[in-house]
Amino acid sequence: MLLGVIVVLPTALMYTAISLLCGTLMSNKAVGGVCGAMLTTIAFILSGVTVPIQIMGSTFQDIAKALPFYNAAQSAVAAVGGGYGRIWPHSWIVIAYAVGFWLAAVIVFGLPKRNVNRSLPVFLRNICRVAISQYGRPIAGTWRCNRESVR
């Protein structure tokens with residue numbers, strides 16, 4: 001049981017980092033939609049806990065196995081079920097994602113707010129540019145784009 005708690009810690013840290021990253025990049029209203037609804041749904045489906053990934057197509061199986069949600073569930077099941085040899089092959093993927101999300105969250109969170117817009121990828125700046133040109137403002141305040149950030 002204690003091993004199960006230890007194995008779940010990287011997963012909890014990964015979700016905390018994702019939340020910090022989303023909260024830094026998006027407005028309060030957008031975070032609830034993206035982190036609350038979309039991320040929960042994706043994790044729910046692709047974890048293999050509720051819907052076995054064996055009944056999904058091979059493409060979805062490959063996607064699920066590459067993402068941390070399936071691996072987090074499998075490492076927790078192995079820890080609680082006594083399959084100790086199956087813990088590490090799944091846990092290292094979760095740990096790698098957790099470290100990556102934490103690094104991204106710390107870097108983005110540490111940027112001055114006025115420079116966050118300039119660090120947006122080109123395609124997001126283009127989305128901001130189109131939204132501002134068509135509507136005169138960003139769409140629903142999702143990304144922090146303004147007239148200065150899209151130039």
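Biologist: Leaving aside its neighbours within four places in sequence, which residues is Ser47 in contact with?

Modeller: This is a predicted model, so every value here is computed from predicted coordinates. Beyond its neighbours within four places in sequence, Ser47 is in contact with Phe69, Tyr70 and Ala73. Ser47 itself sits in the loop between H2 and H3.

Biologist: Is Ser47 buried or exposed?

Modeller: The call rests on relative accessible area, and buried means under 20%. Ser47 has 9%, so Ser47 is buried.

Biologist: What does the secondary structure of the chain come to?

Modeller: It comes to seven helices and zero strands. Read along the sequence, the pattern is α-α-α-α-α-α-α.

Biologist: How much of the chain counts as buried?

Modeller: Of the 151 residues, 34% count as buried. As for contacts in the chain with a separation of 6 or more, 55% of them come from residues 24 or more positions apart.

Biologist: How do I read a pair of helices, and at what angle do the axes of H3 and H4 cross?

Modeller: Take the angle between the two axes; 65 to 115 degrees counts as roughly perpendicular. The axes of H3 (residues 58-66) and H4 (residues 68-81) cross at roughly 70° and come within 4 Å. That is why H3 is described as roughly perpendicular to H4.

Biologist: Which residues make that contact?

Modeller: H3 brings Ala64, Lys65 and Ala66, while H4 brings Pro68, Tyr70 and Asn71. By class, the contact of H3 with H4 has four nonpolar, one polar and one charged residues.

Biologist: Asn71 is in that list. Is Asn71 buried or exposed?

Modeller: Asn71, in helix H4, has a relative accessible area of 3% and is therefore buried. Leaving aside neighbours within four places in sequence, Asn71 is in contact with Ala64, Lys65, His90, Ile93 and Val94.

Biologist: How far apart are the C-alpha atoms of Asn71 and Trp88?

Modeller: They are separated by 9.8 Å, with the two residues 17 apart along the chain.

Biologist: Now pockets. How is empty space found?

Modeller: Rolling a probe the size of a water molecule over the atoms shows where empty space is left. In this model, the largest pocket has a volume of about 270 Å³.

Biologist: Which residues lie nearest the centre of the largest pocket?

Modeller: Ile18, Cys22, Val34, Leu39 and Phe101 lie nearest its centre, out of 16 residues that line the pocket. Helix H1 (2-25), helix H2 (28-46), H4 and helix H5 (87-110) are the elements that give two or more residues to the lining.

Biologist: Which helix gives the most to the lining?

Modeller: H2 does, with five residues. By class, the lining of the largest pocket has 16 nonpolar, no polar and no charged residues.

Biologist: H1 and H5 both contribute to that lining. Where is Val106 found, and how does Val106 count for accessibility?

Modeller: Val106 is found in helix H5. The cut-off for exposed is over 50%, and Val106, at 53% relative accessibility, therefore counts as exposed. The C-alpha atoms of Val106 and Ala17 are separated by 8.6 Å, although these residues are 89 apart along the chain.

Biologist: And where does Leu9 lie?

Modeller: Leu9 lies in helix H1. With a relative accessible area of 47%, Leu9 is partly exposed. Between the C-alpha atoms of Leu9 and Val94 the separation is 10.0 Å, and the two residues are 85 apart along the chain.

How values were computed:
Residues numbered from 1 in each chain as written. Predicted model: local features only at pLDDT ≥ 70, side-chain atom pairs only at ≥ 80, totals over all residues. Heavy atoms only, no water. Axes fitted to C-alpha atoms, helices over the stretch in contact; angles between N-to-C directions. Parallel < 35°, antiparallel > 145°, perpendicular 65-115°, else oblique. Contact = heavy atoms within 4.5 Å. Nonpolar A, V, L, I, M, F, W, Y, C, P; charged D, E, K, R; others polar. 1 Å grid on protein atoms, 1.4 Å probe; cavity = no way out; pocket = protein on both sides within 12 Å on 5 of 7 lines; lining within 4 Å. Points joined across faces, edges and corners; volume = space filled by probe spheres on them. Buried < 20%, exposed > 50% of the residue type's maximum accessible area, 1.4 Å probe, protein only.
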